[in-house]
Amino acid sequence: MSKNFFSGSYFSPKVRGPGPSTRTQPKINTIAMVAAVSAALGFVTALGFFGGVIFGHIALSRIKRSNGRESGRRLALAAVIISWIPILLTALVFGVLFLVGLATTTAESV
């Protein structure tokens, strides 16, 4: 006899291996979250970018040393990248302005 779709065998609970897994999910590194918030605050006050760089690098090193117990690597990496870009662009602009000013001053003094 064929089994009916509505028979009890289709709706009986299935036993799947041993109980729940004892492996826990890695927790998100707190310093990585601080780095992300600091990088976001960098758009309000430029000092936040420096915090994003510092806390981001600290978080990356601690996550690497945690052997999988902590997560948040992408969050810390995003904070580092978001923080370094404005810092480097600002340094580049000031460097170009300094060279232009130096060239202008040198040309006028001759």
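Analyst: Start with lysine 27, which is partly exposed at 47% relative accessibility. Two notes before we go on. This is a predicted model, where local features need pLDDT of at least 70, side-chain atom pairs count only at pLDDT 80 or more, and totals for chains, interfaces and linings use all residues. Residues are numbered from 1 along each chain as its sequence is written, and side-chain values use heavy atoms, with hydrogens and water left out.

User: Why is lysine 27 called partly exposed?

Analyst: Buried means under 20% relative accessible area, exposed means over 50%, and partly exposed is in between (1.4 Å probe, protein chains only). Lysine 27 has 47%, so partly exposed is the label.

User: What makes glutamate 70 and lysine 27 a salt bridge?

Analyst: The term needs a side-chain nitrogen of Lys or Arg within 4 Å of a carboxyl oxygen of Asp or Glu. Here the N to O distance is 3.9 Å, so the pair qualifies. Glutamate 70 lies in strand 2 (residues 70–71) and lysine 27 in strand 1 (residues 27–28), so the bridge ties together parts 43 residues apart in sequence. Strands (E, at least two residues) and helices (H or I, at least four) are DSSP runs, numbered from the N terminus. A search of the whole structure finds one salt bridge.

User: Is glutamate 70 buried or exposed, or partly exposed?

Analyst: Glutamate 70 has a relative accessible area of 21%, so it counts as partly exposed.

User: How do you know that phenylalanine 49 is buried?

Analyst: Its relative accessibility is 8%, so it falls under the 20% limit. Phenylalanine 49 sits in helix 3 (residues 47–65). Beyond residues up to four places away in sequence, it touches Ser38, Ala39, Gly42, Phe43, Ile82, Ser83, Pro86 and Ile87. Contact means heavy atoms within 4.5 Å.

User: Why is the aromatic pair of phenylalanine 43 and phenylalanine 49 called edge-to-face?

Analyst: A search of the whole structure finds one aromatic pair. Its rings are 5.1 Å centre to centre, with 85 degrees between the planes. Rings of Phe, Tyr and Trp (its six-membered ring) pair if their centres lie within 6.5 Å; planes under 30 degrees apart are stacked, over 60 edge-to-face, and the rest tilted.

User: What makes phenylalanine 43 exposed?

Analyst: Phenylalanine 43 has 61% relative accessibility, so it counts as exposed.
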